[in-house]
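This report describes one protein model together with its ligand. Please have the structure open while reading.

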Amino acid sequence: MSKIGSPESPLRVAIVGAGPSGFYAAEHILKGEDMHAQVDLFDRLPTPFGLVRGGVAPDHPKIKSVIRVYEKTAARDGFRFFGNVKVGHDVEVEDLERLYHAIVFTVGCETDRQLGVPGEDLPGSHAATAFVGWYNAHPDYADEHFDLSCERAVVIGNGNVAMDVARMLALTDHELRQTDTADHAIEVLDAKKVREIVVLGRRGPAQAAFTNPEIRELGEMEDADVIVDPLREFSQRQPEGKRQRIVLRFLVSPVEIRGDGKVEKIVIGRNELVEEDGTLRARDTGEREELECGLVLRSVGYTGIPIEGVPFDEKRGLILNEGGRVLDSHDSGHKVGHYTAGWIKRGPSGVIGTNKKDALETVTHLLADVESQTLLRPASPEPIAVEELLAERGEPHGRPRVKFVRVEEMLDTLGEKISG
Ligand code: NAP
């Protein structure tokens with residue numbers, strides 16, 4: 001039998017999740033000169049690009065331009081995209097094991113982390129991920145409703161997602177209209193009454209999770225002042241009398257969200273910093289304060305959702321793995337042929353580019369396993385087999401949308417639909 005990865009027997013890889021790490025994994029696999037490989041990239045949505053499309057803030061078009069890199073990967077020989085196919089629902093992991101030598105899970109962290117405080121689920125208290133999905137036209141969040149008729153909104157957490165949502169709440173109509181924000185969101189944001197956005201950081205300014213460009217950007221908004229005591233650059237600046245204020249607060253944690261049928265106020269506890277195992281952590285001092293507000297956006301990070309048939313580390317919210325090789329259990333070895341990359345491998349951290357290096361580590365291990373021929377032994381590795389399986393499972397999931405990744409193609413198709 002010819003060696004897997006040879007011209008007679010190309011390496012067949014399924015990648016599950018068409019976000020940045022899925023595309024970087026595909027790129028690393030397909031660009032190997034000595035390796036004959038074919039990659040089928042699956043996504044549960046009809047559209048590729050994951051959080052670049054559904055997560056990156058609409059006023060950050062430069063970050064989105066990374067899509068061009070992914071389009072180049074999509075144009076490589078051996079690449080196919082199957083949209084609208086949910087693994088664990090439309091096809092099972094077992095199906096993929098019959099069709100491919102290797103499977104790489106790059107599904108990201110699809111849900112929000114819970115805060116665990118009373119009132120978290122009151123109407124008016126939302127996961128920031130839902131707000132992000134809603135203004136980015138992500139189909140999962142098309143029917144969400146955000147009541148922006150209150151004067152004060154509170155954002156919990158001070159990572160870059162918190163900065164994104166605070167900024168989106170404070171953009172003027174003029175700023176918004178230069179972005180690709182979903183029309184339904186522009187309409188609601190245009191009519192907002194929110195004048196103050198309070199961002200709560202549980203630790204001090206030096207431990208804040210936001211990065212420098214993001215905090216600098218807040219200071220450049222058309223119609224929002226930034227108020228913050230302990231940050232020198234901002235604290236020395238006088239408010240310019242803009243109509244909105246973004247207030248950055250530190251050493252405060254939400255204790256309870258209160259209201260009669262909807263959010264009316266948030267109880268905040270004051271923290272002090274204590275060192276534990278070499279890390280500065282927030283400790284409740286017992287001091288309390290109440291803040292009236294009508295909207296709470298909880299931005300305390302993402303977590304992964306388990307996939308049927310893939311070992312999961314519940315505590316960390318990740319696929320159980322070592323350097324991207326999926327492990328059978330905490331104390332056993334590699335689940336042969338199974339790999340992972342991106343957020344679902346290492347957790348929801350880093351910028352888009354971080355996933356390139358992360359995917360490289362995984363693919364390096366995968367290619368070492370090709371070298372030693374430690375792979376799955378699929379019964380039906382021919383490329384047509386997956387198309388037949390999808391067709392068998394029926395419409396609408398049975399129609400692979402091969403290489404439908406260029407924005408121009410999407411627009412053309414939309415144009416055809418609209419005009420005819
Ligand atoms: P993140 O950076 O991990 O921030 C999470 C925030 O939630 C931190 O401030 C954290 O505080 C706080 N937090 C966690 N649990 C909490 C609790 N129980 N009570 C109060 N606060 C709590 O996560 P993210 O903002 O979701 O971003 C995810 C990743 O995407 C990050 O790596 C981020 O840089 C990246 N991203 C980048 C961009 C960009 O480049 N423009 C935009 C968006 C996202 P502690 O620090 O005290 O834990």
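## The ligand and its surroundings

A polar side-chain atom of Asn158 sits 2.9 Å from an oxygen atom of the ligand. Asn160 also places a polar side-chain atom by a ligand oxygen atom, at 3.0 Å. For Arg202, an N or O atom of the side chain is 2.8 Å from an oxygen atom of the ligand. A polar contact is a pair of N or O atoms within 3.5 Å; within protein, one atom must be able to donate a hydrogen and the other to accept it, and residues adjacent in sequence count only if both atoms are side-chain atoms. Taken alone, the ligand exposes 910 Å², and the protein buries 80% of that. Accessible areas come from the Shrake-Rupley method with a 1.4 Å probe; for residues, only the protein chains shown count as cover.

The model is predicted: local features need pLDDT of at least 70, and side-chain atom pairs count only at pLDDT 80 or more, while totals for chains, interfaces and linings use all residues. Residues are numbered from 1 along each chain as its sequence is written, and side-chain values use heavy atoms, with hydrogens and water left out.

How many residues surround the ligand? There are 22, and the closest are Asn158, Arg202, Arg203, Glu214 and Gly350. A residue is near a molecule or strand if one of its heavy atoms lies within 4 Å of it. The shell divides into 9 nonpolar, 8 polar and 5 charged residues. Here Ala, Val, Leu, Ile, Met, Phe, Trp, Tyr, Cys and Pro count as nonpolar, Asp, Glu, Lys and Arg as charged, and the others, Gly among them, as polar. Helix 7 (residues 160-170) gives the most to this shell, with 3 residues.

## Overall form

The secondary structure comes to 15 helices and 20 strands. Helices (H or I, at least four residues) and strands (E, at least two) are DSSP runs, numbered from the N terminus.

For 420 residues, a compact globule would have a radius of gyration near 22 Å, and the 23 Å of the protein agrees with this. The radius is taken over C-alpha atoms, and the globule rule is 2.2 Å times the number of residues to the power 0.38. Along the principal axes, the C-alpha atoms fill a box of roughly 75 × 60 × 40 Å. Of the 420 residues, 52% count as buried. Buried means under 20% relative accessible area, exposed over 50%, and partly exposed in between (1.4 Å probe, protein chains only).

## Covered strands

In a regular strand the side chains alternate between the two faces of the sheet. Strand 4 (residues 102-105) is covered on both faces: Ala102 and Val104 are buried on one side, and Ile103 and Phe105 on the other. Strand 4 pairs with strand 1 (residues 11-16) in the parallel sense over 4 bridges. It is also joined by 3 bridges to strand 20 (residues 334-340), again in parallel. Two strands pair if DSSP finds at least two bridges between them. Val104 is the bridge partner of Ile15, and Tyr339 in strand 20 is the bridge partner of Val104.

In strand 8 (residues 196-200), 5 of the 5 residues are buried. Glu196, Val198 and Leu200 point one way, and Ile197 and Val199 the other way. Strand 7 (residues 152-156) runs parallel to strand 8, with 5 bridges, and Val154 stands opposite Val198. Strand 10 (residues 244-249) also pairs with strand 8 in the parallel sense over 5 bridges. There, Val199 stands opposite Leu248.

## A covered helix

Which residues of helix 6 are buried? They are Ala128, Thr129, Ala130, Phe131, Val132, Gly133, Trp134 and Tyr135. Helix 6 (residues 128-135) is thus mostly covered, with 8 of its 8 residues buried. Ala137 follows helix 6 and has a positive phi, near 60 degrees.

## Two loop residues with positive phi

Most residues other than glycine have a negative phi. Phe49, in the loop between strand 2 (37-42) and helix 2 (50-54), has a phi near 90 degrees. Asp277, in the loop between strand 12 (265-276) and strand 13 (279-292), has a phi near 50 degrees.

Is each of these residues buried or exposed? Phe49 is buried because its relative accessible area is 3%. Asp277 counts as exposed because its relative accessibility is 76%.
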